[in-house]
Amino acid sequence: MTASSVLIQFLNGLASASSLFLVAAGLSLIFGVTRIVNFAHGSLFMLGMYLAVALAPELGYWASVPLAALAVAAFGALVEALVLRRLYAAPELLQLLATFALVLVVKDFTLWAWGPDDILGPRAPGLSGAVTIAGRQFPEYDLFLIVFGPAVLAALWYLMMRTRWGTLVRAATQDRDMAAALGVNQKWLFTAVFALGGLLAGLGGAVQIPREPATLFMDLQTISDAFVVVVVGGLGSIPGAFLAALLIAEIKSFCIGLGFSKITLVVEFIVMAAVLVLRPWGLLGRMPALARGAGAVEPPMRLPSRGMVGALGVLALGLALVPLVQSGYTLVLLTDVLLFALFAVSLHFIMGPGGLHSFGHAAYFGLGAYAAGLLVHKGGLPMEAALLAGPWFAALGALVFGWFCVRLSGVYLAMLTLAFAQIAWSIIFQWDQFTGGSNGLVGIWPAAWLASKSAYYYLTLAACLGAIALLWRVLYAPFGYALRAGRDSPLRADAIGIDVRGLQWAAFTLAGLFAGLAGALFAFSKGSISPEALAVTRSVDGLVMVLLGGVQTLTGPVWGAALFTWLQDAVARGIDYWRAVIGGVILLIVLAFPQGVTGFLRARFAR
Amino acid sequence: MTVLAVKELSKAYGGVQAVRKVSFAVNAGELLAMIGPNGAGKTTCFNMLNGQVEPDAGSIEFEGRRLTGLAPREIWRLGVGRTFQITATFGSMSVRENVQMALLSHHRRLWSLFSLAACSYAGEADALLARVGMLEQAERPCAVLAYGDLKRVELAMALANDPRLLLMDEPTAGMAPRERSELMQLAAELARSGGIAVLFTEHDMDVVFTHADRVIVLSGGELIAEGKPAAVRADPRVREVYLGSGHA
């Protein structure tokens with residue numbers, strides 16, 4: 001690299017950092033005050049982009065940018081007032097689920113309003129040319145962005161440090177309960193913070209349109225970038241977000257400049273993982289204040305009654321009889337239900353009793369699926385052996401990633417699991433020669449004796465029910481109790497000799513093993529695998545299943561998986577805008593049953 | 001017999017010397033009270049004894065073994081039980097299960113994957129609960145207990161590994177006066193009958209002077225007095241610390 005290309009890459013990085021900072025600052029603000037991790041923040045960014053693109057021909061580019069930002073701010077305020085306001089007392093995972101439902105709804109709204117194709121925005125009038133810097137052409141607009149980011153940072157700093165409203169926001173960030181006790185009107189403060197967060201996200205999207213086309217993938221791509229920035233900078237810290245945005249954007253820019261564009265997808269997550277391990281609360285973050293009295297306390301576990309065991313036995317028997325009366329499609333759907341039930345139960349194992357909220361459980365599902373597929377393709381193993389061996393690779397992955405993850409807790413742990421899942425995804429997505437890249441692997445079929453739909457169904461039934469029973473059994477054993485003890489009170493657990501981290505690490509690995517089994521079964525049932533198997537959406541699917549069923553119940557994840565898989569199948573076949581329907585259903589369920597469906601039924605009928 | 005020997009223990013936070021060259025010993029069957037005004041260094045001292053905080057200098061020996069550098073769970077394994085100033089129990093478990101957890105840990109059965117936790121050491125757990133008067137409430141979830149009862153559950157858990165040393169950080173904080181007296185009476189009986197050394201911090205002087213065999217007084221991070229309750233009560237330096245120099 002010559003000196004001039006270093007300079008240009010550096011300036012490129014600065015320009016990219018600005019938009020990234022705007023999104024991340026909004027996300028950070030919202031989290032700081034409301035303690036809600038707004039998964040829909042990337043969707044707000046995407047809305048800002050599309051709105052600016054749509055308004056620019058009518059009103060001109062420079063008018064469309066602020067208008068788009070204001071419209072997104074209004075939307076953010078509306079969402080807060082209608083949905084999130086009802087969920088502040090709910091467990092944090094449920095809030096997350098609600099914001100993810102919003103992602104689905106916004107995505108389909110965008111699809112409906114602007115269609116599936118990428119839309120190129122206009123150049124910015126007055127800044128459409130280029131200037132010569134060190135003998136190279138550099139867009140004028142990027143120079144504007146380089147100034148714009150720090151200008152917004154300065155404005156935010158003034159707002160936070162020099163205005164009364166900023167003081168209230170800082171007070172609420174530090175101690176929400178205390179601020180409320182001192183008479184701060186939380187309702188308006190929270191709505192206003194959401195509006196400001198929306199404004200920043202919308203602005204971030206709108207200023208980006210001269211640089212890149214608006215696409216429907218912007219939402220999840222942006223949110224994972226913003227998560228990384230916020231976590232690296234420290235949750236709730238705006239200067240931290242700025243610093244982290246600069247760091248990430250520069251590293252990415254130089255990766256591209258040096259010709260390593262392939263690793264750009266991974267590199268930000270590697271930075272994040274490194275930061276979290278060395279500075280668990282981010283570069284400028286502080287250890288989060290303890291949330292007081294969040295969620296209901298779980299009742300003690302009771303050994304299942306005879307009636308319960310009998311009912312589950314009858315259900316298993318009923319499932320075994322299905323191939324006698326049904327064939328084809330029903331069996332395929334039930335096979336899916338069973339293996340996703342195992343996936344959900346394995347996630348619940350660490351999330352519920354373990355208290356480890358994983359956002360990247362699909363990594364182990366995908367590792368199991370790919371390992372099984374590759375053992376057949378590259379290793380030449382028979383299918384049966386690959387099915388048995390595949391999950392152990394997932395367990396190995398969980399063993400390695402888990403070592404880092406169990407050192408963190410709460411949102412930071414969730415983000416690190418997400419980061420590891422993204423790293424695994426990126427590697428599989430980009431390693432064309434070995435994993436087939438974005439096309440995935442095809443022709444992974446079961447052995448001849450398992451080739452019929454009913455034979456494979458029986459295999460899946462036996463494997464999944466056996467594995468689920470095993471995981472449940474472990475929760476009744478001292479291991480499962482000790483895991484819960486570590487979640488309930490790490491202080492006390494340590495004081496009676498319980499190695500909390502060790503147990504959590506083992507549980508994480510065990511959950512990875514069984515998620516891997518579900519993945520391997522999935523690969524052979526479809527005959528192919530693609531990187532979708534371990535994408536963020538698959539991880540979120542797992543969370544949705546567990547939370548729909550209720551995280552405080554054992555059987556909940558199974559019902560959640562059944563309901564979700566069936567819903568996805570039924571809706572996706574019949575309706576164009578199925579994501580919006582599923583999102584809407586999730587929102588309704590979350591608002592109606594903040595403790596999950598099973599939790600609701602139990603509370604309703606238990607007494 | 002000396003169970004716990006603390007020598008020249010020191011800890012500074014930034015520029016503040018929280019604990020300075022504190023030395024004392026606790027003997028088997030003895031209740032030693034550690035008192036001192038707020039900020040005297042009691043909690044820092046306690047947290048060093050149970051492994052949560054690493055001392056800057058000095059040594060802590062339990063039955064002749066160095067405790068410095070060990071994690072809380074390793075210290076517990078050696079036979080040191082503790083209760084917390086703000087109770088810490090497992091809210092999603094019943095009272096009996098809380099004690100069973102301590103017993104499972106003591107018998108090194110935590111990693112067992114296929115026995116039933118709820119059926120392990122239930123009898124031993126009930127015996128411990130009977131000793132602290134909590135047997136009737138064994139089935140109740142810990143999350144719904146009254147504060148004084150939680151303190152007693154903590155005591156039962158602390159006794160699960162037959163400790164030779166019991167560390168109790170403000171054992172009676174948040175309790176009604178009668179409950180206080182009962183709990184300390186219980187601790188005293190346990191200490192004497194089992195030969196357990198008990199070290200406790202306490203703000204309630206009635207509790208201290210009624211139940212402690214010996215008292216040590218910290219002020220400004222230093223040990224300023226040590227002796228029988230009556231002697232300590234009469235010590236002019238202690239009176240000065242508690243009442244101000246005008247009353248000395």
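In which handedness of crossing, left-handed or right-handed, does H19(A) pass H3(B)? The model examined here is predicted, so that local features need pLDDT of at least 70 and side-chain atom pairs count only at pLDDT 80 or more, whereas totals for chains, interfaces and linings use all residues. Residues are numbered from 1 along each chain as its sequence is written, and chains are lettered from A and ligands numbered from 1 in the order in which they are written.

Helix H19 (residues 478-488) of chain A and helix H3 (residues 95-106) of chain B have axes that come within 11 Å and cross at roughly 110°, the axes being lines fitted to C-alpha atoms over the stretch in contact, with angles from 0 to 180 degrees between N-to-C directions. H19(A) is therefore roughly perpendicular to H3(B), a term covering angles of 65 to 115 degrees. The crossing in which H19(A) passes H3(B) is left-handed, in that the near helix is turned anticlockwise from the far one by less than a right angle. Pro478(A), Tyr481(A), Ala482(A) and Ala485(A) of H19(A) make the contact with Glu97(B), Met101(B) and Leu104(B) of H3(B), where contact requires C-beta atoms, placed from the backbone, to lie within 7 Å. Of these residues, six are nonpolar, none is polar and one is charged.

Within chain B, strand S3 (residues 31-35) runs parallel to strand S9 (residues 214-219) and is joined to S9(B) by four bridges, pairing being assigned if DSSP finds at least two bridges between two strands; Ala33(B) stands opposite Val215(B) of S9(B). S9(B) also pairs with strand S10 (residues 222-227) of chain B, in the antiparallel sense and over five bridges, and Ser219(B) has Glu222(B) in S10(B) as its bridge partner. Two residues lie between S9(B) and S10(B) in the hairpin that these strands form, and Gly220(B) in the turn has a positive phi of about 55°.

Key. Parallel < 35°, antiparallel > 145°, perpendicular 65-115°, else oblique. Contact = placed C-beta atoms within 7 Å. Nonpolar A, V, L, I, M, F, W, Y, C, P; charged D, E, K, R; others polar.
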